[in-house]
Amino acid sequence: MTIKELRAATGNGAACEATIAAQVESLTRKETAAGKPYYELVLRDATGTLTLRAWNDRPAFALCQELTAGSFVKIF
């Protein structure tokens with residue numbers, strides 16, 4: 001599924017299971033107001049961009065530590 005297709009499928013608030021293949025446009029480590037770390041991940045494919053956040057208490061946080069801008073990922 002493309003990012004554009006995902007947006008169309010979830011535009012009305014509906015849940016949707018999908019697999020997206022995209023390139024990491026940017027990856028930024030940030031902190032909440034309470035000082036808890038998280039990553040902000042911007043993915044891009046030919047149809048658009050998608051911003052995801054990986055919180056420090058989730059498995060995706062450790063995976064983000066291994067990524068760099070330009071990496072290709074598959075999100076399930």
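Trainee: What makes R44 and E25 a salt bridge?

Mentor: Their side chains come to 2.4 Å, N to O, and a salt bridge needs a side-chain nitrogen of Lys or Arg within 4 Å of a carboxyl oxygen of Asp or Glu, so the pair qualifies. Mind you, this is a predicted model, where local features need pLDDT of at least 70, side-chain atom pairs count only at pLDDT 80 or more, and totals for chains, interfaces and linings use all residues. Residues are numbered from 1 along each chain as its sequence is written, and side-chain values use heavy atoms, with hydrogens and water left out.

Trainee: Why is E40 called buried?

Mentor: Buried means under 20% relative accessible area, exposed over 50%, and partly exposed in between (1.4 Å probe, protein chains only). E40 has 17% relative accessibility, so it counts as buried.

Trainee: And what makes R53 partly exposed?

Mentor: R53 sits at 46% relative accessibility, so it falls in the partly exposed class. K30, at 30%, counts as partly exposed too.

Trainee: How do you know that E40 forms a salt bridge with R53?

Mentor: The closest N and O atoms of E40 and R53 are 3.1 Å apart. E40 lies in strand β2 and R53 in strand β3 (residues 48-55), so the pair ties together parts 13 residues apart in sequence. Strands here are DSSP runs (E, at least two residues), numbered from the N terminus.

Trainee: Which residues are linked in a network of salt bridges?

Mentor: K30, E40 and R53. The K30 and E40 side chains meet at 3.2 Å, N to O.

Notes. Helices (H or I, at least four residues) and strands (E, at least two) are DSSP runs, numbered from the N terminus.
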